[in-house]
Structure formats: C-alpha cells, structure tokens
Amino acid sequence: MIFDFACLQFSSLWERLLGAVGDAAGGVLGRVVEAIRTVFEGDPETRRQVSFSVAIIALSAKMAKADGIVTEAEVKAFQQIFDFPDEEARNVARLYNLARQDVAGYEAYATKLAGLCSPGAGKVDNCPMLENVIDGLFHIAKADGLVHEKELVFLGRIAEIFRIDEAHFRRIMARHVHLDGADPYLILGVSPEDDFPKIRKQYRLLVSEHHPDRLIARGVPVSLHAAANERMAALNAAYAAIEKERRAA
C-alpha cells in the first residue's frame with residue numbers, strides 16, 4: 001500500500017469528523033476544513049494527520065472524476081494505494097463518494113498537502129513526499145488502461161501546486177505513461193548522448209536521494225515508502241536497460 005490509515009484507527013474520530021461535515025455535496029470542502037479545524041482543536045498533530053488523510057482521499061476521488069467517469073477499476077486502484085482497517089471502510093467510502101461528485105475544490109486539497117512540505121515560511125521544490133502522492137494518483141489514472149488527456153491536465157496542475165518543476169514531472173510521468181515503451185534516459189533524467197560514467201553517477205545520486213533513511217530524515221511518512229520502493233524499482237530497471245544497451249553497443 002502507498003498510503004495507510006495508521007494515524008486514523010479510532011472509529012470515533014472519523015464519526016466525529018463526518019458527523020460535522022454532513023451528507024450534502026454543496027460546500028463539502030469548506031465543511032471538511034471547518035470540521036477538521038473545530039473537531040481537533042487543541043490537537044495540532046492529529047489535525048495535521050487527519051488533514052493529510054482527508055486530502056489524499058479527496059484528491060484520489062477527484063483524480064478518478066477528472067475524465068468525467070469514475071470507473072470500478074479506479075475505485076479499486078484507490079483501495080490499493082490507501083490502506084485502512086475494514087471497520088473504517090464505510091467512513092472512507094462516504095468521504096470518497098462526497099469528493100468524487102465533481103472535480104471542484106481539488107486545488108485547495110492539493111494546496112493543503114503542499115503545505116505539509118513547507119516548513120515555516122519556507123518552500124520545498126520537488127518534495128519527495130508529494131512525489132509519492134503524484135505516483136499514487138498516476139496509479140489511479142492508469143487503472144482503466146488509459147491516462148486521459150484531462151487526467152494529465154489534472155496531474156500537471158497538482159504538480160504545479162506541489163512545486164514539482166516541469167522536467168521533474170516529466171520524469172515522474174515517464175514511470176507511468178510510455179506510449180512507445182519506457183524511456184530509461186528520461187526516467188533517470190539523463191541524455192542518450194551522455195557517457196556511461198555520467199549516467200552511473202546520476203543513477204547513484206537518485207538512489208541515494210530516495211534511500212529510506214533519507215526519506216525519513218526529510219519527514220516522509222513511513223506509510224508513503226511503498227511508493228518510494230516502486231520508484232526505486234523503476235530507477236533500477238532504467239539503469240539496467242541502459243547498461244545492457246551500452247554493453248551491446
């Protein structure tokens with residue numbers, strides 16, 4: 001699983017939150033934000049964890065809705081990346097169904113998540129935790145066998161809010177969308193014209209940057225490390241493909 005529900009395993013917590021939100025579709029974002037603010041007043045860490053989980057659920061639902069239709073495959077893909085106890089399935093489904101009614105409000109949820117990678121007044125570009133979120137959303141987008149143009153626009157806008165630069169976003173996309181086969185050079189952020197020592201250096205740098213210890217030091221939740229493992233597999237496969245190609249040349 002890419003995301004887990006470890007921080008939200010008390011049923012009463014979600015009952016309180018969703019009870020404050022209500023069932024109406026109109027103004028759901030405002031109601032959720034206000035509910036989080038009031039229900040967990042005086043408990044900033046729980047409020048932060050709840051905000052993160054709510055934002056992930058909402059963005060996942062709105063990602064599925066981006067092309068106009070929420071398919072069963074996309075719902076299953078969400079369940080694959082967001083781990084939650086069976087007893088919380090009803091609460092998660094309720095929030096998911098509220099969020100998936102339309103795409104409106106997704107930018108606010110994305111901004112909420114981006115704030116978790118902005119310590120103090122500072123800003124963080126290409127935040128590893130947010131890269132994991134993008135990976136999870138791509139997993140949902142491709143669940144029905146095709147990443148729709150509207151879904152790419154949706155993901156591109158989220159990347160902008162996350163302060164993931166264009167070149168970095170292209171590398172993320174290359175791990176998930178490849179019409180003519182995966183491009184190992186793009187995945188590693190190198191050029192076919194680069195010599196192999198330079199490519200190896202870049203590969204080792206990326207491996208170092210995404211090492212579990214480094215992610216923990218940067219504050220990336222353990223629940224997001226599964227996405228990092230998938231990314232490492234893509235990096236390893238890209239490097240192996242280039243190494244094989246160079247040896248055959």
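**Figure legends: overall chain, cores, helix contact and loop residues**

**Overall view of the predicted model.** The protein chain has 13 helices and two strands (DSSP runs, H or I of at least four residues for helices and E of at least two for strands, numbered from the N terminus). This is a predicted model, in which local features need pLDDT of at least 70 and side-chain atom pairs count only at pLDDT 80 or more, while totals for chains, interfaces and linings use all residues. Residues are numbered from 1 along each chain as its sequence is written, and side-chain values use heavy atoms, with hydrogens and water left out. Of the 249 residues, 44% count as buried (under 20% relative accessible area; exposed is over 50% and partly exposed in between, with a 1.4 Å probe and protein chains only).

**Close-up of the nonpolar cores.** The largest nonpolar core has 44 residues, and Leu-59, Leu-113, Ile-158 and Phe-162 have the most contacts inside it. A nonpolar core is a set of buried Ala, Val, Leu, Ile, Met, Phe, Trp, Tyr and Cys residues joined through side-chain atoms within 4.5 Å. Helices that each supply at least two residues of this core include H3 (44-65), H7 (128-141) and H8 (149-161). H3 gives the largest share, 10 residues. A second, separate core of 14 residues includes Tyr-185, Ile-187, Phe-196 and Leu-235.

**Close-up of the contact of H7 with H8.** The axes of H7 and H8 come within 11 Å and cross at roughly 175° (lines fitted to C-alpha atoms, for helices over the stretch in contact, with angles from 0 to 180 degrees between N-to-C directions). H7 and H8 are therefore roughly antiparallel to each other (over 145 degrees; under 35 is roughly parallel, 65 to 115 roughly perpendicular and the rest oblique). Ile-134, Leu-137, Phe-138 and Ala-141 in H7 meet Glu-151, Leu-152, Leu-155, Ile-158 and Ala-159 in H8, a contact being heavy atoms within 4.5 Å. The residues of this contact divide into eight nonpolar, no polar and one charged (Ala, Val, Leu, Ile, Met, Phe, Trp, Tyr, Cys and Pro are nonpolar, Asp, Glu, Lys and Arg charged, and the others, Gly among them, polar).

Gly-105 is in the loop between H5 and H6 and is partly exposed, at 28% relative accessible area. Asn-126, in the loop between H6 and H7, has a positive phi near 50°. Arg-163, in the loop between H8 and H9, has a positive phi near 60°.
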